[in-house]
Structures are given as structure tokens and as C-alpha cells.
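Subject: Structure handover

Hello,

Here is the structure you asked about. Please have it open while you read the notes below.

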Amino acid sequence: MSAPTTMSSLTAPRGSRRVTDVVVRGLVYLSGVIAVVPLVWILITIISKGLPVILSAAWWTQDLAGTTDRRAGGGALHAIIGTLEIGLITAVVAVPIAVLGAIFLIEYARGTRLARGVSFMVDILSGIPSIVAALFVFAFLITILHFDRSAIAAALSLVLLMLPTVLRSTEEMLKLVPDSLREAAYALGIPKWRTILTVVIPTAFSGIATGVVLGLARVMGETAPLLILVAYARNLYLSPTSDTMATLPTMINTGRDVAETLAGYDRVWGAALTLILLVMGLNLLARWIARAGRLKDR
Amino acid sequence: MTMTVKSKLAAAAALSALSLAACSSTSATTGSTAASSAAPAALACPAGQITAEGSSAQSNAIQEAIAAYNDACKNKAKIEYNPTGSGAGIKNFNAGLVDFAGSDSSLKTDEATAAKARCKTNDAWNLPMVVGPIAFSYNLKGVDKLVLNADVLAKIFQGQITTWNDPAIAALNSGVSLPSDKIVVFYRSDESGTTENVSKYLKATAPSVWTPDTSKAWKGVGGEGKNKSSGVAEAVKATSGSLGYMEWSYARDNKLGIAQINTGSAAVELNSGSVGKALEAATITGTGNDLALKLDYATKAAGAYPAVLVTYEIVCSAGLDTAKSAIVKDFLSYFASQEGQAGLESLGYAPLPTSLRTKVASAVQAIK
Amino acid sequence: MADESSPAVETTDETSTLASPTSPRSPLEAAVSSPLQLDHVGHAGDNSFRGAAYAAAFVVVALVAFVGVFLAVIAWPSLSRNTVPFLTSTVWNVSGTEMAFGIAGLLWTTVLSSVVAMILAVPIAVGTALLVTHYVPPKLGSIIGFVIDLLAAVPSIIFGLWGLKVLGPALGPLYDWLQRTLGWIPLFSKGVDSTGNVLTASVVLAIMILPIVSAMSRDVFRQTPPDHIEAALALGATKWEMIRTAVIPYGRSGVIAASMLGLGRALGETVAVMIILSQTNTPGINVSLFSGGETFASKIANNAAEFDSPAKTGAYIAAGLVLFLVTFAVNAIARLVADRRPRS
């Protein structure tokens with residue numbers, strides 16, 4: 001311990017150990033590069049083809065009425081509204097169940113066998129493929145109850161995908177609420193349900209909101225349930241019971257079936273870029289809410 | 001706003017240039033330029049809104065017709081067509097949800113009964129409107145003209161002919177040097193009316209080779225299935241030595257080689273004239289203004305291209321709300337006009353032959 | 001359920017504003033400001049709120065059960081009419097009157113494409129997780145992490161189009177070379193002629209599951225107890241040796257759980273696979289990575305527009321049921337592995 005030279009001779013790695021370390025370092029950096037390449041590649045493809053399309057004002061203010069695959073013009077308003085509307089219906093159904101489910105897991109059944117069982121089921125639900133969720137809604141609403149395909153049917157299948165995402169993030173946030181807050185409320189004679197609604201939930205609010213926005217981001221990019229449960233239309237339809245409603249993913253799916261030389265094909269990349277902007281925007285919004293929440297806590 | 005107007009003008013200019021080009025390329029439609037200036041005068045252009053639904057095979061054609069009709073009528077009426085499939089179209093027409101339906105096949109007896117109830121005890125008519133030929137497209141370097149026949153096609157699709165220089169193909173293409181490459185077949189992996197039509201054609205013309213049932217799912221042997229017509233077209237384009245079937249429009253838009261069909265006497269090229277001849281050979285099975293057709297796939301009529309899909313508009317002969325009926329009648333009369341039909345060729349559809357077109361047009365006029 | 005409680009929340013807000021005109025500094029204060037006023041509804045409120053929470057939990061469990069039950073109920077009539085063994089047959093003929101459908105080919109293609117995707121994705125995901133947590137400064141790490149997370153924001157249909165039109169053709173020469181040189185191995189034998197083969201689908205699936213596996217690995221690596229790391233470094237370990245002896249053992253079960261979740265996601269991925277993968281109709285199972293095929297999800301989605309008869313629909317729903325059971329098993333394993341994780 002007396003001289004630095006002794007130190008280095010004792011600890012500095014030599015020979016093969018050093019080589020291994022350098023090789024692994026190289027591999028780790030390489031993996032980072034490999035992971036980023038596809039994103040950059042995809043984004044360049046989409047932006048270069050989609051940007052000219054979405055820069056027109058008509059893209060954001062018109063539907064495709066009066067245009068065809070061979071006529072330029074028109075916009076994606078019908079699909080943007082449809083995507084937002086179906087997302088909204090999904091959130092309205094999914095969020096209350098998800099938040100209450102998380103409250104059950106943390107506030108009422110924490111540590112019990114029942115909570116472990118329910119928690120396991122949440123994991124299973126979060127692993128259900130979207131196509132299975134869609135088939136389930138098809139089997140139940142359409143085959144058994146004889147309803148028609150509709151925007152609501154599509155939204156209900158997306159509930160299955162959004163519910164576990166929001167439930168898990170809410171659960172994590174409720175876990176972070178310190179017990180001292182709850183105990184302080186109980187000590188003041190506040191009933192448990194009011195403690196949850198007025199102390200626990202507001203404290204965890206920004207985290208829950210983040211989870212909701214991320215859940216929305218996940219379902220808005222889903223295509224499979226929309227293919228099965230609601231038909232695409234070129235015009236703006238607002239009624240949630242309508243059997244036709246455009247969404248951005250189905251707009252892409254319909255548009256990809258034309259030759260690359262036609263105007264209709266350009267709209268595919270426009271819709272793709274719009275969808276990515278929407279989903280990424282929601283992701284950024286979620287980060288912003290989370291950060292704003294953290295800042296407020298300080 | 002100015003930008004919107006500008007782009008619309010540009011689009012309109014592009015379209016008129018397109019239809020002019022289409023007119024000049026074929027002799028069958030000369031004179032339509034003169035008709036086009038007179039046509040708007042014949043239209044009543046009532047205001048209001050109608051919705052139609054059905055076959056996706058005619059979707060491109062009817063969207064283009066709606067756009068052209070709107071141009072002529074300065075967007076007075078709002079017409080929507082949702083290509084959800086023939087079954088859905090007929091179902092929703094019979095349920096009174098849409099004002100007319102597009103369908104790949106004429107109404108079956110039980111459907112016609114339901115349609116009569118929907119039209120307040122008036123008959124529903126099948127009006128053939130859009131004719132979509134099926135192209136057998138190939139990608140073979142150095143071969144500009146390829147002739148096949150039903151028997152050879154069926155054998156290729158059943159995996160019995162596997163190379164391009166097979167004697168059966170060579171016999172149809174004397175003087176053409178065919179490579180010894182494997183024939184890579186592309187077909188539709190999703191169930192489709194196009195696949196059903198190809199199997200009907202092969203079943204009718206080469207029943208000893210094409211033994212499977214006719215169905216919307218492909219029943220061939222070997223090959224690769226691609227999703228949607230665009231998937232088949234792109235695969236043919238990207239793979240040398242390939243052969244695939246698709247609607248004519250996809251073959252044209254992707255600039256693919258299209259095989260001629262030898263129906264017995266001579267090779268027939270796929271063009272609007274040869275498709276029209278096949279339709280002239282079809283028999284009308286409906287009565288009066290109901291113009292349901294029965295195609296003869298095995299036709300040997302000289303110069304007739306046999307692999308053709310006819311789609312119908314299914315309308316109430318009477319009984320529809322008067323305001324809506326007026327738009328249906330006006331729009332369909334434009335669609336069945338020479339101008340409306342001539343515009344279809346640039347999209348890869350064939351215009352109705354004049355004899356049939358005039359029958360359809362007079363049926364439309366008879367709608368109350 | 002939610003409606004019941006919302007008026008109560010509003011009342012609270014009103015009373016708290018009345019009690020203190022300045023806005024309350026913490027939610028607790030707001031709640032405390034008038035505790036006795038609402039005490040009389042406390043008990044009934046507690047019971048109904050508890051009921052709502054239990055009901056929500058029941059809904060979650062019931063949904064999973066319903067998915068299985070409803071799929072089975074709708075599939076049953078078709079399964080009972082099936083003329084071939086459902087689990088071992090590779091034929092699929094459901095449009096005629098005679099039903100013959102089996103899932104062996106679908107199961108093989110689904111599992112092959114997903115497992116290959118997992119094999120491709122996990123090393124990269126672990127590598128990036130290590131890079132972000134232990135190699136670069138935290139600030140740069142969070143940027144890289146964010147960029148990889150953005151991959152999750154790309155909708156699957158975009159991956160499909162990109163895989164079909166851009167990635168597949170780009171990998172074509174590599175495929176040709178692999179089939180020429182390694183063609184004697186059945187896994188690499190000659191397959192379809194286009195680039196719409198299982199391997200293209202796997203590469204795209206790998207990119208799609210990368211953000212999930214990477215994000216979860218990052219979380220577990222970050223939780224490595226600092227004293228383990230310091231102990232390893234104090235003993236003179238190189239960075240790699242520290243990672244091997246401290247980070248990896250601690251994070252192993254987490255990475256395995258993440259991989260299983262990624263596998264689950266790949267198994268059920270629909271539209272991207274449907275667009276990319278060529279269907280083939282050769283009898284039997286295509287062993288090669290270069291062959292085409294169909295997965296459960298792609299087969300169902302490909303034909304969803306033509307669910308025109310109950311018998312046909314039932315056959316596809318039967319396939320969906322098997323997919324549900326497979327993903328159920330994979331996710332259950334992921335959960336069990338994750339539960340074995342040491343507590344921090």
C-alpha cells in the first residue's frame with residue numbers, strides 16, 4: 001500500500017483478462033449501434049416519403065372524400081379522428097377498471113394469496129396477443145350476441161390490451177405512496193375509501209396519468225383488432241356504433257394495396273408518419289407528466 | 001385554402017390528361033372526347049347524400065366515377081362507397097342501411113326476396129357496371145410476348161408444369177426462346193374474389209387438370225402466397241421467372257408483362273376490346289331490367305378474353321326515398337354513360353360493350 | 001362504479017376550498033381539512049368502494065377466463081366436425097362443406113420464427129442494457145435508452161411494410177449465400193424464391209421485441225446492489241469480470257423473464273408477419289428458415305375479412321385458442337421466473 005507502482009501491479013488486469021475486457025466492451029458498444037440502426041433506417045424511410053404528404057394543410061383538415069388512389073389531395077382527418085375516438089372509448093372503459101384493480105391489489109389485498117392470483121392474471125392479460133383479444137370480442141359480440149362490427153367493438157378489444165398496462169403502472173405508483181401518509185389520514189379519522197381517493201390517488205396522480213398515456217400509445221398503433229372489428233372508410237364517420245370508421249393503421253393497410261407509382265401510395269407514408277408522430281407525442285407527453293409530477297413533489 | 005384549390009385544379013388537370021391519353025390509345029372509345037363536353041348537360045345533379053357499400057373489386061372504379069361525377073356536378077351531392085365486401089354490402093342494403101350495393105355476384109334467390117322487402121315490394125335489379133379482367137402476369141427477361149392457354153395455366157398452378165421451357169409452353173410460343181428456369185408461382189394468401197374467379201375460370205376450361213373446388217382460398221399446388229393483390233404484383237415484379245394472377249389494374253400499374261390467352265383458334269391479348277367480346281358472348285339470366293349475367297369462361301368466340309370478373313350495382317327498381325333515388329339514378333346514369341365507362345380503362349377496368357351498356361343505361365333510366 | 005365515487009370527490013374539493021381559500025399544499029391537508037363533516041357516509045362509502053375494487057379485480061380474472069371459454073365455445077362445433085387430427089395435421093381446408101384443419105404447420109412456423117427472433121434479440125438487448133447502465137455516463141445512457149424505447153412506438157404495420165419492401169430485398173444476397181453454403185443443414189435448406197421467408201419475419205420480430213427485452217434488462221441491471229459491484233471492483237476485477245460476477249448473476253432471472261415476455265409478444269405478432277411471410281401450400285412442415293409459412297396470428301388476420309360462415313370462423317377461432325394457450329404458458333413461465341428474482 002506504500003507505493004502506487006505496487007498498487008497497479010497488484011490490480012491492473014493483464015494479458016487475456018484485459019483482452020477479454022476490451023472485446024466485451026467492443027461487443028457492448030456494437031450491440032448499441034445494432035439496436036439503433038433499424039430505428040434510424042425505418043425513420044429515414046418514413047420521414048423522407050411521408051413528410052411532403054403531411055406538410056399540406058389539407059392533410060390535417062380533410063378526409064378522402066372526392067379523392068381516389070390516382071388523385072392527389074385530401075387528407076387523413078377521418079383516420080386521425082377515428083384513431084383518437086377509438087382510443088378515447090378504450091380509455092374511458094379501461095382506466096376506471098385498471099385504477100380500481102390496482103387499488104384492490106395495493107390497498108385492499110396487498111400480500112394476500114388472492115392478490116397474487118389476480119396479479120398473475122394481470123400478467124397473463126398483458127401477454128394476450130391483440131389478435132386473440134380481437135377474436136374474443138368477435139366471438140362474444142358478433143358470433144354470440146349478433147352485433148355488427150363497430151368502432152365500439154374495436155375499442156372493447158383494445159381495452160384488453162390497455163387494461164393491464166394501466167393497471168401495472170398504477171400499481172407501481174400506489175406502491176410508492178408512503179404508508180405514513182395513509183396512517184396520518186387514518187389517524188385523523190378519515191375513512192379508508194376517502195383516504196384512497198383524496199390522499200393516495202392524488203399523490204400518485206402523475207404516475208397514473210403517465211401510465212394511461214403510455215397505455216393509449218400502445219393501443220393506438222394496434223392494427224389487428226381494427227382489421228377484424230371495424231371496416232375502413234374514406235369518409236369521416238363519427239358515430240361509435242357505425243360499422244365503418246377509419247383509423248390510421250387501417251388507412252395504411254388499405255393504402256398499401258395500390259401500386260407505388262400512385263398518389264394513394266404516398267398517403268401510406270403520410271399516415272405512417274402521422275401515426276408515429278401521434279404515438280411518439282404520447283410517449284413524450286407521458287415523460288413530461290412524469291417529470292412534472294416529480295418536480296411538484298420536491 | 002388557396003393551396004387546396006390549387007391542388008384540386010392540378011388533380012383535375014392530371015385526370016383529364018389521363019383520360020385523353022386513354023381515349024387516344026384505343027379505337028373503341030374514340031368520340032368520347034366529344035361526349036365528355038356534352039355529358040354534364042345530361043346530368044340532373046340533384047343535391048343530397050347517398051351511401052353505398054360492397055365489393056372491393058370495383059372500389060377503385062366507383063371511387064373514380066364518384067370523383068368524376070362530383071367534378072361534373074360541382075360536388076352537389078355527397079356519395080360514399082365503402083368497400084367492405086360483397087356480402088356485407090348486400091346485407092346492409094337489405095337491412096336498409098345503404099342506398100345501393102356493389103357485388104361480385106348477382107343476388108341469390110333468398111337475397112332477392114329480402115331485397116324486395118327492402119325496396120317496399122319492388123324488385124331489386126342487378127346492373128352489371130364494372131368489368132375487371134384478370135391478368136396472368138409474368139416476369140421473364142427477354143420475353144415480351146407470352147402465350148398461354150387454360151390447360152397450361154391449370155397445369156402450372158397444379159404443379160404439373162414447373163419450368164418455362166416445358167414443351168406445352170413452347171408449343172404455344174413458337175419462335176420464342178424460353179429459359180429453363182423454374183416457374184415461380186405467386187398467388188393470393190388471403191381469401192379473395194379474384195382467387196375464386198380464377199378457380200372458376202380454370203374449373204370451366206380445364207376441368208381435368210383443375211380438380212379442386214372453386215373457392216376463395218387458393219387450391220393450387222406449390223408456389224408462394226402473398227397478401228393482397230399488391231403483394232402478388234410486387235412479388236412478380238421482384239422475382240424473375242415468376243407468374244401470378246391479379247386484377248388487370250395491378251398488372252398495368254406495376255408495368256408487368258401480361259400473358260395472352262389462346263382460347264382455341266388464336267392468342268387473345270388482354271384489352272378492352274377483347275374483354276368486351278367476352279361479355280357479348282355472355283347470356284343475360286335476369287328478366288326485364290334485371291341484367292344478371294352468366295359468363296361463358298369456355299367461350300371460343302374469336303378475340304374474346306375469357307378470364308373476366310363482372311361486378312354489379314344492386315339497386316331498388318323503385319321504393320327508395322325520392323331524394324336519394326334521384327341521386328342514385330343520376331350517378332348511375334353517369335356511370336353507365338359512354339364517358340363514365342371510358343374513364344375506367346385507364347384504371348385497368350374494361351368498359352362495358354356498347355350493346356350491354358345501352359341496356360344498363362336504359363335500366364337506370366327506368367328506376368323510379 | 002366510478003360514477004358512484006365521483007360526486008364525493010367533488011364535494012371534497014368544494015369543502016376544502018371553503019375551509020382554506022388558498023390552495024392546499026398537499027392532498028393530505030385537503031382531505032384533513034374537513035374530516036368529520038363526511039364521517040357519516042364513511043362506512044357505506046367504504047363498503048361500496050371496497051366492492052368496486054373487488055369487482056375490478058374480478059373483471060380482470062373473468063376477462064382472462066372468458067377469453068379462453070368463449071374461444072372454446074365458438075371453436076367447439078367446428079372442431080367436432082373436423083375430419084383430421086387438429087393438433088398434428090398440416091392441412092387447412094375450411095371453405096368447403098367438409099372441414100379439415102390442423103395446426104401443426106402453424107405451430108411450427110409460429111414457434112420457429114419467434115424463437116429465432118428471441119435468439120437474435122436477447123444478446124443485443126442485454127448488450128444495450130449493459131451499455132446504458134454500466135458503460136456510458138447516465139445522461140447519455142438515458143438518451144440511448146429513450147431512442148431504443150422509440151422503436152416500441154413504431155406501429156407493427158410499418159415494420160411489416162419495411163420488412164417486405166426494404167429489409168427483405170436488402171438481405172437477399174445474404175440469404176442466397178447462406179442457402180448455397182449451409183444448404184446441407186435442413187434449417188438452411190432451399191426455401192421460397194422471394195425474400196418473404198421465416199428469417200426475414202424473425203429479424204423484424206427481433207427488432208420489434210428489442211425495446212421490451214432491453215427496457216426490462218436495463219431495470220434489473222440498474223438494481224444491482226452497489227456493494228456487489230464495489231466488492232468486485234475492489235478485488236481488482238475488470239469491468240467485464242465485475243459484470244460477470246455481480247451484474248449478470250443478479251439480473252439473470254430478470255433477463256430470462258424479459259426474454260420470455262419478448263417471446264410471448266413475438267408469438268402473437270400479427271400484421272408485420274402477415275405482410276412479410278409468404279404462404280406456402282406444400283404438404284407437411286417446412287423445416288427451413290428460408291421457407292414460407294403462416295403463423296397462428298398471420299393466418300387468422302389474413303382471412304378475417306372472409307369470416308362468412310360460423311363453421312369457418314370456428315376453425316380460425318380454434319387456432320386462436322391454441323395461440324392463447326401457448327402465450328398463456330409462456331407468460332406464466334416468465335412470471336414464475338421473475339418471481340425467483342432476488343429482492344434488492
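What follows is a description of the chains, their contacts, a few strands and the nonpolar cores.

The model is predicted, so to speak of local features a pLDDT of at least 70 is needed, side-chain atom pairs count only at pLDDT 80 or more, and totals for chains, interfaces and linings use all residues. Residues are numbered from 1 along each chain as its sequence is written, and chains are lettered from A and ligands numbered from 1 in the order in which they are written.

Chain C

Chain C has twelve helices and three strands. Helices (H or I, at least four residues) and strands (E, at least two) are DSSP runs, numbered from the N terminus. Of its 344 residues, 50% count as buried. A residue is buried if 20 or more other C-beta atoms lie within 10 Å of its own, exposed if 12 or fewer, and partly exposed in between, with C-beta atoms placed from the backbone. Two residues are in contact if their C-beta atoms, placed in that way, lie within 7 Å. Among the contacts in chain C with a separation of 6 or more, 74% are between residues 24 or more positions apart.

Chain C with chain A

Here 82 residues of chain C are in contact with 79 residues of chain A. On the chain C side, helix H3 (residues 42-81) gives the most, with 19 residues. That side has 60 nonpolar, 17 polar and five charged residues. In this count Ala, Val, Leu, Ile, Met, Phe, Trp, Tyr, Cys and Pro are nonpolar, Asp, Glu, Lys and Arg are charged, and the others, Gly among them, are polar.

The nonpolar cores

A nonpolar core is a set of buried Ala, Val, Leu, Ile, Met, Phe, Trp, Tyr and Cys residues joined through C-beta atoms within 7 Å. The largest one holds 200 residues, and C:Leu71 and C:Leu210 touch the most other members. Leaving aside neighbours within four places in sequence, C:Leu71 is in contact with A:Leu135, A:Phe136 and A:Ala139 in chain A, and with C:Ile317, C:Gly320, C:Leu321 and C:Phe324 in chain C. Another core, of 107 residues, lies apart from it and includes B:Val308, B:Val310, B:Tyr334 and B:Leu347.

Chain B and its domains

Chain B is divided into domain 1 (3-130 + 313-365) and domain 2 (134-278), with bounds from an automatic or database domain assignment. Twelve residues from domain 1 and ten residues from domain 2 take part in the contact. On the domain 1 side there are seven nonpolar, three polar and two charged residues.

Strands in chain B

Which strands pair with S6(B)? Two strands pair if DSSP finds at least two bridges between them. Strand S6 (residues 184-188) of chain B is parallel to strand S8 (residues 242-247), over three bridges, and B:Val185 stands opposite B:Leu243 there. S6(B) is also joined to S7(B) by three bridges, again in the parallel sense, and B:Phe186 has B:Glu224 as its bridge partner. From S6(B) the chain crosses through helix H8 (residues 193-205) to S7(B), in a right-handed β-α-β crossover. Right-handed means that, with the strands pointing away from the viewer, the path from the first strand over the helix to the second runs clockwise.

In a regular strand the side chains alternate between the two faces of the sheet. In S6(B), B:Val184, B:Phe186 and B:Arg188 point one way, B:Val185 and B:Tyr187 point the other way, and all are buried.

A separate open sheet of chain B has the order S5-S10-S11, with mixed pairing. Strands S5 (147-148) and S11 (267-268) are at its edges with a single partner strand each, so one side of each has no neighbour in the sheet. S5(B) pairs in the parallel sense with S10 (residues 260-262) over two bridges, and B:Leu148 is opposite B:Ile261.

Chain B with chain C

In this interface 20 residues of chain B are in contact with 19 residues of chain C. The largest share of the chain B side, three residues, comes from S7(B). By class, that side has five nonpolar, nine polar and six charged residues. S7(B) is also joined by two bridges to strand S3 (residues 279-280) of chain C, and the two run antiparallel. In that pairing B:Glu224 stands opposite C:Thr280.

Regards
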